[in-house]
Protein chains: 2
Amino acid sequence: MIAERLKHLKPYTAGEQPRGREFIKLNTNENPYPPAPEVSSTLRTFDPDLLRLYPDPTCGELRGAIGESLGLGSENVFAGNGSDEVLSFAFYAFFDGAHGPLLMPQFTYSFYPVYCDFYGIPYRRLPLREDFSIDLSAYLAAGQASGIVFANPNAPTGVAVSRAEIEHLLARFPKDRVILVDEAYVDYGGESVVPLLREHENLLVVSTFSKSRALAGMRLGFAYGNRPLIDALFAVKDSFNSYPVDALAQAVGTAAARAGSYYAEINGRIIATRRSFASALLERGAQVLPSSANFLFVSLPGRTGREVYAHLKERGILVRHFEIPGISDFVRISMGTDEQMRILLGEIDRWTNSPS
Amino acid sequence: MIAERLKHLKPYTAGEQPRGREFIKLNTNENPYPPAPEVSSTLRTFDPDLLRLYPDPTCGELRGAIGESLGLGSENVFAGNGSDEVLSFAFYAFFDGAHGPLLMPQFTYSFYPVYCDFYGIPYRRLPLREDFSIDLSAYLAAGQASGIVFANPNAPTGVAVSRAEIEHLLARFPKDRVILVDEAYVDYGGESVVPLLREHENLLVVSTFSKSRALAGMRLGFAYGNRPLIDALFAVKDSFNSYPVDALAQAVGTAAARAGSYYAEINGRIIATRRSFASALLERGAQVLPSSANFLFVSLPGRTGREVYAHLKERGILVRHFEIPGISDFVRISMGTDEQMRILLGEIDRWTNSPS
């Protein structure tokens, strides 16, 4: 009864979303601060009678508001039901293996290979440098490729490449193949390549409101690009689900897009927390990758990632661990409030100072 | 830059969702009555701070509430971002052409062939009877098939087949191939086949909250089936988007699932409106197919469907017309309030009584 194509899939495993027990939840890179006050007032004043009607299938107002915040026209913005959906549409639209495999970093958002398997797209992973940074020159040297995808800042490392490095890549990569830059974490210190869209027709930027806009529960993701790419994403959407973004999500997203100064403030706080938490870990001899994201990728001396994960979970703190050779010594710790990080640090100190 | 697979797609065309001018909107089968009061109160009391967290990826509470209303366990319920998404996942999971084409009625929900093209699934359309009913015996006589999909009541005709006819089909169709019954409109007089799930492992039922639950704007769709089918839908979801149903939609959907008596009342009103409106049209010599849905498929004597559509649109009333040979004489008219139908009837009378 099950189609052959499904039998070979290894679905993505999302971070735990525990129900019941209260955890200090530092495992899925959610924002520790609430969404903007404008989000609350949108919920309070939304006319429930509107829910009986289909939402705007084009998300016109929302795309306009996002575009305005970035200096783009709404025709250069696509909106979907979380950036996972937008990524899935983009993989379908732009990557088919015609010119070779899709290139991606060996360690990056682990949903990318799942999309490839879902749509039957050949792909090839290129190793990171020793310091876990992405070596973009390797993507030019790799030979045949139907496209490139990477997260910047990268996940789960948090390490960023500069806009200049990406511009260098764009200038040399074939112009008829898409380079997809996933900027889910860009608001925590990365350099967005949105300003490069004007000169590069094959650049697609994907972003999300789940992290820096504190709206993971609302499912809003976006793509920015030139008309042919955005039009292709619309064609995919209209072959999958005419209305993927519900009416409330459109209203809430529009309010959040216009609340830039609130979000700049809370995300500034998260960057400050990351700095002080990283210093505290380094003082304790931990390996901490330089992060431009709202999380740190951390290895504690003499402990495997699995041990750190398990120890902290028992004490009510969730972090993310990947049992993957090459990064299994690390855990990914989302930045919470300063108080939450203080508690976490206390647990680490109690553990590492006690006889093992 | 665009993948080959996309170049051959003809995306689905949804009914118009006009912004700006106010229409009497009878073109997309929305409910003319507001969602249940419990939906409003859920919106008013929802804690916006929860939106910073990812929603429950399994929709546990929502699936439990739906299951309870139908006498099913939550393990027999799948929830997605509108029934379009659920259908798309189901086409991916169950139909691959291994045993022959997917069979569907010649006239039915026009998204089905789009999903087939999207995933490369061969399909074959079987003609309706002269009276526009689905002849299920033809599906048994068709020979090789990898599965069957149809809407019941069917769209855009509104004509239903009985549960007994579907049971007869299930008893004779190969048990290793899925029969998907799309019950989007079942609450307006159709017979649901949910009671047949216990005995038929290859039956999948899809439903939506867009019509009878007055929540088209919220995007909630469901599938009901036995464990292997529901588990397969979860595997597809987890290879596409871990969290397709946002936190608010889950809360609102749970409230709506528990508000059965309110919805029985408004849907009863819609059925009464359909009866009286159908009588009025028949009195005027129109051809009106016997409908078990919240719409009527109607042909006015001496007018093409396109003429009816265009004339009414000019007068501020939107109905749906399909420029497809075999049904192009018809328009599909969603049932509005009695007052809206009275205005529509007045326009028809003014038109047909005036010299053309």
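Q: Where in chain A is A:Pro156 placed?
A: A:Pro156 sits in the loop between strand 5 (147-151) and helix 7 (163-172) of chain A. Helices (H or I, at least four residues) and strands (E, at least two) are DSSP runs, numbered from the N terminus. The model is a predicted one, in which local features need pLDDT of at least 70, side-chain atom pairs count only at pLDDT 80 or more, and totals for chains, interfaces and linings use all residues. Residues are numbered from 1 along each chain as its sequence is written, chains are lettered from A and ligands numbered from 1 in the order in which they are written, and side-chain values use heavy atoms, with hydrogens and water left out.

Q: What kind of peptide bond joins A:Ala155 and A:Pro156?
A: That bond is cis, with omega about 0°. In chain B, the peptide bond from B:Asn152 to B:Pro153 is cis, with omega near -5°. B:Pro153 belongs to the loop between strand 5 (147-151) and helix 7 (163-172) of chain B.

Q: Why is A:Ala214 called buried?
A: Buried means under 20% relative accessible area, exposed over 50%, and partly exposed in between (1.4 Å probe, protein chains only). A:Ala214 has a relative accessible area of 0%, so it is buried. B:Arg219, at 2%, is therefore buried as well.

Q: How do you know whether A:Phe240 is buried or exposed?
A: Its relative accessibility is 0%, so A:Phe240 counts as buried. A:Phe240 is found in the loop between helix 8 and helix 9 of chain A.

Q: Which residues does A:Phe240 contact, leaving aside neighbours within four places in sequence?
A: Contact means heavy atoms within 4.5 Å. By that rule A:Phe240 is in contact with residues of both chains, among them A:Glu85, A:Phe89, B:Phe89, B:Phe111, B:Tyr115 and B:Phe240. A:Phe240 and A:Phe89 are 151 residues apart in sequence, while their C-alpha atoms are 9.1 Å apart in space.

Q: Why is B:Gln250 called buried?
A: With a relative accessible area of 10%, B:Gln250 falls on the buried side of the cut-off, so the word applies. B:Gln250 is part of helix 9 (residues 247-257) of chain B. Not counting residues up to four places away in sequence, B:Gln250 touches B:Pro55, B:Asp56, B:Cys59, B:Leu62 and B:Val245.

Q: What makes A:Thr273 a buried residue?
A: A:Thr273 has a relative accessible area of 2%, so it is buried. This residue is found in helix 10 (residues 260-283) of chain A. A:Thr273 touches A:Met335, A:Gly336, A:Asp338 and A:Met341, not counting residues up to four places away in sequence.

Q: How many residues does each chain bring to the contact, and how much area is buried between chain A and chain B?
A: Chain A gives 82 residues and chain B gives 82 residues. Buried area is the accessible area (1.4 Å probe) that two parts lose on being put together, summed over both. Between chain A and chain B it is about 6,900 Å², of which carbon and sulfur atoms give 58%.

Q: How many salt bridges are counted between chain A and chain B?
A: A salt bridge is a side-chain nitrogen of Lys or Arg within 4 Å of a carboxyl oxygen of Asp or Glu. The count between chain A and chain B is zero.

Q: Why is the relation of chain A and chain B called a two-fold axis?
A: Copies are superposed by least squares on the C-alpha atoms of residues with pLDDT of at least 70 in both. A rotation of 180° with 0.0 Å of shift along its axis superposes chain A on chain B (RMSD 0.0 Å). That is the relation of a two-fold axis, which is why the name applies. The same surface serves both copies, as 100% of the contact residues of chain A recur in chain B.
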